[in-house]
Amino acid sequence: MNNSNTRREFALYVARELHEAGYQALWAGGCVRDALLKRAPTDYDVATDARPEEVRKVFGRHRTVPVGASFGVMLVTAPRSEDNVEVATFRKEGPYLDGRRPDSVQYCTPEEDARRRDFTINGMFYDPINDEVLDFVGGQEDLKLGIVRAIGDAHHRITEDKLRMLRAVRIAATLEFTIDPSTAAAIAEMATEIAVVSVERIAHELARMLVCPRRVRALESLRELGLLRMILPEIIPNLNEVDSVEHWGKTLRMLDEFEVMSFELAFAVLLREVPIQQCKEDDDSAARDAARAKVVEQICRRLKLSNQQTERTCWLVEHRHALRDAPQLPLHVLKRLLVQPGAKEMLMLNRIAAVATEADLTAVEFTERFYSETPAEELNPHELINGGDLIAAGLSPGPGFKEILDSIRDRQLDGEMTTREAALTFVDQIVSGKTIEENS
């Protein structure tokens, strides 16, 4: 049974157990929307008239976790953690004083619960026991029309939770829907208020948009609604400047080249030419890219991305031109680049940049062929010697160790030194007084 089936079966089990205990139990939100669209839901939420303590009584203390008991939310744990189901008591909410969460909740009917949700297509319920859709907000009609529409007054819905502005953009792009004009107008008017949302939540939504195949659509919506200027002011083009508009168009073409992209690759494309101040006019592209990578790191830190996301994104920006002359590069330079964790993404970046500018693909195709055809043991062979061998040969540990080991490694990668014996002979010559240059 695949993952989507096991999730569905566990969600059905949760609903059935609550139903048999005398409670109403409905699937709620995105899983209903996705099922009606014939898309496999990624997770399931259950809404019920059972109170948190009653949910715990049905499933037992060891099977339930009070993830939001004050808001009526319990987690029912599954054999596989990814199949866990959140069970929430039908509720209506008090004012959102922080623009993110309600100050209080009251238990209520399913219809009242539906009307406090964000968008009509997310406000439907499904009764899996009786095979019935409960739609109090017009979600089914909006699904047919392909519209993301706020439930009730759009300004009120967004005032409650400013993150809904980003969610509207992401959902519309993912489903290839349009945003209802009144909802879009409310977002545009309130775009500056996205600043009250934590950067972690903003970054999470942005990442989901960038890994989506319709990322270009999402970014264009963010720009048109004024949200992108708030999230990433560094990349917003000045529409009065032809060069900026052309650059934005090139960025979108690059992001549209591959359906599947990692967040780090897509983010590197987006930030690849952020403005820099510290470079001189005569600095080469490597120096400029290194300077840009530092600016990109500041952006990543501001968004509180993980260290891995930050390091990969910065590395891609810094090395985006590194393979431009790949056929002419020494083998040790090429191989060192192609064994880095971001090598595959660097190759993708290389290709999409060339395609977007209609550049010659000779270097791109050479590098891709070299990467795919070179055996792993040749691309990254086991090192011939290490620091311990240098100490055994009579050398004292110090800064020179790295220079010697790098020199040996370069010769190995170039195919000029293939045995441990040759490497040790090289070290003996250094110990006897010959320099590395003399052995070059």
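What follows is a chat about the sheet, the cores and some helices of a predicted model.

Me: What kind of model is this, and what pLDDT do local features need?
Reply: It is a predicted model, where local features need pLDDT of at least 70, side-chain atom pairs count only at pLDDT 80 or more, and totals for chains, interfaces and linings use all residues. Residues are numbered from 1 along each chain as its sequence is written, and side-chain values use heavy atoms, with hydrogens and water left out.

Me: Which strands is strand 1 joined to by bridges?
Reply: Strand 1 runs antiparallel to strand 2 (residues 45-48), with 4 bridges between them. Strand 1 also runs antiparallel to strand 8 (residues 125-127), joined by 2 bridges. Leu-26 has Ala-47 of strand 2 as its bridge partner, and Ala-28 stands opposite Phe-125 in strand 8.

Me: Are the faces of strand 1 covered or left open?
Reply: Both faces of strand 1 (residues 25-28) are covered. Ala-25 and Trp-27 on one side are buried, and so are Leu-26 and Ala-28 on the other. Buried means under 20% relative accessible area, exposed over 50%, and partly exposed in between (1.4 Å probe, protein chains only).

Me: Where does Trp-27 come in for the nonpolar core?
Reply: Trp-27 is among the residues with the most contacts inside the largest nonpolar core, along with Leu-232 and Phe-267. That core has 102 residues. A nonpolar core is a set of buried Ala, Val, Leu, Ile, Met, Phe, Trp, Tyr and Cys residues joined through side-chain atoms within 4.5 Å. Apart from it lies another core, of 12 residues, including Ile-385 and Met-417.

Me: Switching to helices. How do helix 9 and helix 10 cross?
Reply: The axes of helix 9 (residues 199-211) and helix 10 (residues 215-224) come within 7 Å and cross at roughly 135°. That makes helix 9 oblique to helix 10. Angles under 35 degrees count as roughly parallel, over 145 as roughly antiparallel, 65 to 115 as roughly perpendicular and the rest as oblique.

Me: Which residues make the contact?
Reply: Leu-206, Met-209, Leu-210 and Val-211 come from helix 9, and Arg-215, Ala-218, Leu-219 and Leu-222 from helix 10. Contact means heavy atoms within 4.5 Å.

Me: Last bit. Is Gln-412 buried or exposed?
Reply: Gln-412 counts as buried, at 10% relative accessibility. Gln-412 sits in helix 21 (residues 400-413). Not counting residues up to four places away in sequence, Gln-412 touches Pro-381, His-382, Glu-383, Leu-384 and Met-417.

Me: And where is Ala-393?
Reply: Ala-393 is in the loop between helix 20 (387-392) and helix 21. Ala-393 is partly exposed, with a relative accessible area of 23%.

Definitions and conventions: Axes are lines fitted to C-alpha atoms, for helices over the stretch in contact, and angles run from 0 to 180 degrees between N-to-C directions. Two strands pair if DSSP finds at least two bridges between them.
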